[in-house]
Amino acid sequence: MKSLILTFLYLAKDTLHRWLTRLSSPLARVLVVFFLSLCALCFLGSYVISTKVVRDRIVTRGGDLVYTTVFAQGDVPPPLPSRAELDARFAADSYCLRQVGSAAAATDARKHIAIYTYDFCRMPQMVPLMAPDASPTLLYPADSADLTPGPFDIALNRGGETLRRTIMARPLPEGHLLGRLLPQGGIIIQPELAQDLFGDTTRHSMSMLLLRLRRLDRAEDLHRVERYLKNLCRLEHTNAAITSAAELLDEMDILLGNQNQCRATFCLGIIGIVGILLTALAGMEYRQNEYIYTLMKSFGIHPMWLVGGFVAENLLLVGAAFAAAIAVFMQTQHIIIRQFFPRDNYLLSLSEIAPEIRLIALALALCVLLSSLPILMAANREIGRVLK
């Protein structure tokens, strides 16, 4: 045990002596790794930002939505999954409305406003949006120009008969999912009231289901929802139209695949440059001290201790340089990224850039291991060949 400690202390002292006498050797390794790592972080970080910008814009324009229109067959209402089922299967928020046959309403400002009802199982979801007494309510997006909150006089068309009613108009919360289903607004009526006013609301009705994924990582997430809804409608023998941005995200995934090839090529370049530098410097320093190391081997020191000393030295220098590059990038990324995306105020968090950090770290670790191969071969040379 004592000999191992003494060996370790001697190798550490030898390493510090070499650093002090030949300062250019550790300094060259640190500076090359630092600047290459910083350039790699900027280069790969621009890929991450570009992906984030495009994905955010796609999601803002409804890329995370699946819109389904199902037409009733005869007197049977279109079968659609419940909110709880969709949430459990796909971690998605959803709203479902059923347009009441040929029923329609009119106001002074608009001649046609569609009338909708909902399933009883979705009552807890819908009632909070409606008037306090859950009476028929005109819901509309918050940015609607021709509708204002408050009482509204409407004329209901019921099979040629006109009914006059006063209902409450309420704007939907900003960015509410139901605003996607009702871009022009719509009158929401409870199922039992719709039955009393318009009779059989299932006949010739059309159901609309809008589903939004809370997390969208790739196009397959949307394809999975589409397949589920298509199979459900096929088994129920109903006609349905399903719309989503899955094809657009497929193209984006292809672009990301091309980016992965560029990332791999860039990391191979880092391995080539850093690997050659570390191998050349380590081989040179080993040859300069080969006589002393061979004497240590003759005294019983295992060659792997000598190889491990050079590996630990390179890991320390490379790790310190890489950590400094990460720190500098995180502090100055607002300046660097602005050169690539001058109109966007995006910044990367450490978790977002973590895959790129792991990729570069893996490339640098591979460089250190590859640089130890010449030393491994030199350390296993016969003692007599060196000391003769």
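**Entry 1. Disulfides**

I took a disulfide to be a pair of cysteine sulfur atoms within 2.5 Å. With that rule I searched the whole structure, and zero disulfides were found. C42 is in no disulfide, for the nearest cysteine sulfur, that of C39, is 6.4 Å away. C42 is buried, at a relative accessible area of 13%; here buried means under 20% relative accessible area, exposed over 50%, and partly exposed in between (1.4 Å probe, protein chains only). I also looked up C96, which is in no disulfide either, the nearest cysteine sulfur being that of C121 at 8.1 Å. C96 is buried as well, with a relative accessible area of 5%.

**Entry 2. Basis of the values**

I note that this is a predicted model, in which local features need pLDDT of at least 70 and side-chain atom pairs count only at pLDDT 80 or more, while totals for chains, interfaces and linings use all residues. Residues are numbered from 1 along each chain as its sequence is written, and side-chain values use heavy atoms, with hydrogens and water left out.

**Entry 3. Salt bridges**

Side chains of opposite charge can pair when their charged atoms come close. I counted a salt bridge where a side-chain nitrogen of Lys or Arg lies within 4 Å of a carboxyl oxygen of Asp or Glu. The count by this rule is seven salt bridges.

I looked up R214 and D93, whose side chains meet in a salt bridge at 2.7 Å, N to O. R214 is in the loop between β8 (206-213) and α7 (219-235) and D93 is in strand β2 (residues 92-106), so this pair ties together parts that are 121 residues apart in sequence. For these names, helices (H or I, at least four residues) and strands (E, at least two) are DSSP runs, numbered from the N terminus. R214 is partly exposed at 46% relative accessibility, and D93 is partly exposed with a relative accessible area of 30%.

Next I looked up R98, which forms a salt bridge with D119, their closest N and O atoms being 2.8 Å apart. R98 belongs to strand β2 and D119 to the loop between β3 (113-117) and α4 (123-126), so the pair ties together parts that are 21 residues apart in sequence. R98 counts as buried at 12% relative accessibility, whereas D119 is partly exposed with a relative accessible area of 24%.

I then recorded the salt bridge between the side chains of R227 and E220, at 2.5 Å from N to O. R227 is partly exposed, with a relative accessible area of 42%, and E220 is partly exposed at 32% relative accessibility.

**Entry 4. Backbone angles**

Most residues other than glycine have a negative phi, and most peptide bonds are trans. I found that A91, a residue other than glycine, has a positive phi near 50°. A91 is placed in the loop between α3 (83-90) and β2, and is partly exposed with a relative accessible area of 36%. A134 has a positive phi too, near 60°. Its place is in the loop between α4 and β4 (137-140), and at 12% relative accessibility A134 counts as buried.

**Entry 5. Nonpolar cores**

I defined a nonpolar core as a set of buried Ala, Val, Leu, Ile, Met, Phe, Trp, Tyr and Cys residues joined through side-chain atoms within 4.5 Å. The largest has 33 residues, and those with the most contacts inside it are L41, V274, F329, I353, I360 and L364. At least two residues of this core come from each of α2 (24-60), α8 (246-288), α10 (303-340) and α11 (350-379). α2 gives the most to it, with eleven residues. Another core, of 21 residues, lies apart from the largest one and includes L216, A219, V225 and C233.

**Entry 6. The largest pocket**

I used a 1 Å grid over the protein atoms alone, on which a pocket is an open set of points where a 1.4 Å probe fits, with protein on both sides within 12 Å along at least five of seven lines; lining residues have an atom within 4 Å of a point. Grid points are joined across faces, edges and corners, and a volume is the space filled by probe spheres set on the points. About 380 Å³ of space lies in the largest pocket. It is lined by 15 residues, and V48, T51, K52, E352 and E356 are the closest to its centre. α2, α8 and α11 each supply at least two residues of the lining, and α2 gives the most, with six residues.
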